[in-house]
Amino acid sequence: MVDVNQENGITNVGFLELTGKSPEDLSGISYLENVGIVLVPESLHAALLKIPQKNVGIIVTVPKTEGKIKVLSGQLTLSGDVFSNLSGSPDDILVIVGQVIISSPIEAVGFSEVIVAGQLFAPKSQESKIVSTVSRMVGQIAYYTGDVQRVFMGNETFSQDFFELIDSKMSLILIGSCEISEDVDIVILKQKIADFIIIGDITVSRKLAPLIQILATTKLGDILIREDQAG
């Protein structure tokens, strides 16, 4: 949690939430620097813009509501039931910040608005439902088709042994810089992987590159040929 009542600036923060604050709460902030996402109520937007800013990524403005603002942030896997808001009010607003997988169908939506800032991953079968559910999207939506999903962030290497342990068709969501080992063959990838969602770079052998291109339903980055195979 970031204390907004500080005399100096706020720096190096991935996510800054200002819901529930007042203009007086912001008056002590001298500057914002290196902030990834700022979540601010509509009533504070003008006050926020008066604060000197440097390297502030995304400002998400939340409209006024008679209900509550529910914020979910981080790397999350959410059931579709979350959107029903059974214990809340129809005036509530849901804000999702970060990398989020929707793991099951959305049957009902009990929020007045659903705002997403970041990356949202959902079943391909739910595409039309997601489009009608999300009222505002800042980032990317990607759809997967596999029976199961796994998210890997950072630097990961995947070997033949890894793929052999997969029991059913998997969607691999890769965020960062990843690598598929030289020992992995085309046959096992066809058997075990439904699709790749690549946000970042993936390094593969020359023999696997065409298959990765086919299986990558979303690619925000590069497929790199391993250096010792490039010649």
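Okay, let's start with the rings: Phe 152, Phe 158, Phe 162 and Phe 163 are linked by ring pairs into a cluster. A ring pair here means rings of Phe, Tyr or Trp (its six-membered ring) with centres within 6.5 Å; planes under 30 degrees apart are stacked, over 60 edge-to-face, and the rest tilted.

Before I go on, a word on the source. This is a predicted model, where local features need pLDDT of at least 70 and side-chain atom pairs count only at pLDDT 80 or more, while totals for chains, interfaces and linings use all residues. Residues are numbered from 1 along each chain as its sequence is written, and side-chain values use heavy atoms, with hydrogens and water left out.

Back to the rings. The whole structure has five aromatic pairs. One of them is Phe 152 with Phe 162, edge-to-face, at 6.0 Å centre to centre and 75° between the planes. Phe 152 sits in strand β8 (residues 148-158) and Phe 162 in helix α4 (residues 160-164), so this pair ties together parts ten residues apart in sequence. Helices and strands, by the way, are DSSP runs numbered from the N terminus: H or I with at least four residues for helices, E with at least two for strands.

How accessible are they? Phe 152 is buried at 10% relative accessible area, and Phe 162 is partly exposed at 21%. The cut-offs are under 20% for buried and over 50% for exposed, with partly exposed in between, using a 1.4 Å probe and protein chains only. Then there's Phe 158 with Phe 163: centres 6.5 Å apart and planes at 50°, so that pair is tilted. Phe 158 and Phe 163 are both buried.

Now, β8 takes us to the sheet. It's an open one of four strands, in the order β8-β9-β10-β11, with parallel pairing. Pairing means that DSSP finds at least two bridges between two strands. β8 runs parallel to β9 (residues 170-180), and eleven bridges join them.

Why does the pair of Glu 179 and Arg 226 tie together parts of the chain? Glu 179 is in strand β9 and Arg 226 in the segment after β11, so the partners come from parts 47 residues apart in sequence. Their side chains meet in a salt bridge at 3.0 Å, N to O; the criterion is a side-chain nitrogen of Lys or Arg within 4 Å of a carboxyl oxygen of Asp or Glu.

Arg 226 also forms a salt bridge with Glu 182, at 2.8 Å. Glu 182 is in the loop between β9 and α5 (186-192), 44 residues from Arg 226. Through shared partners, Glu 179, Glu 182 and Arg 226 join into one network. Arg 226 is buried at 10%, whereas Glu 179 is partly exposed at 28%, and so is Glu 182 at 34%.

There are three salt bridges in the whole structure, among them Glu 127 with Lys 124, where the closest N and O atoms are 2.7 Å apart. Glu 127 is partly exposed at 30%, and Lys 124 is partly exposed at 42%.

Last stop: Thr 61, in strand β3 (residues 53-62). Thr 61 is buried at 18%. Beyond four places in sequence, Thr 61 has contacts, meaning heavy atoms within 4.5 Å, with Val 40, Pro 41, Glu 42, His 45, Ile 115 and Arg 136.
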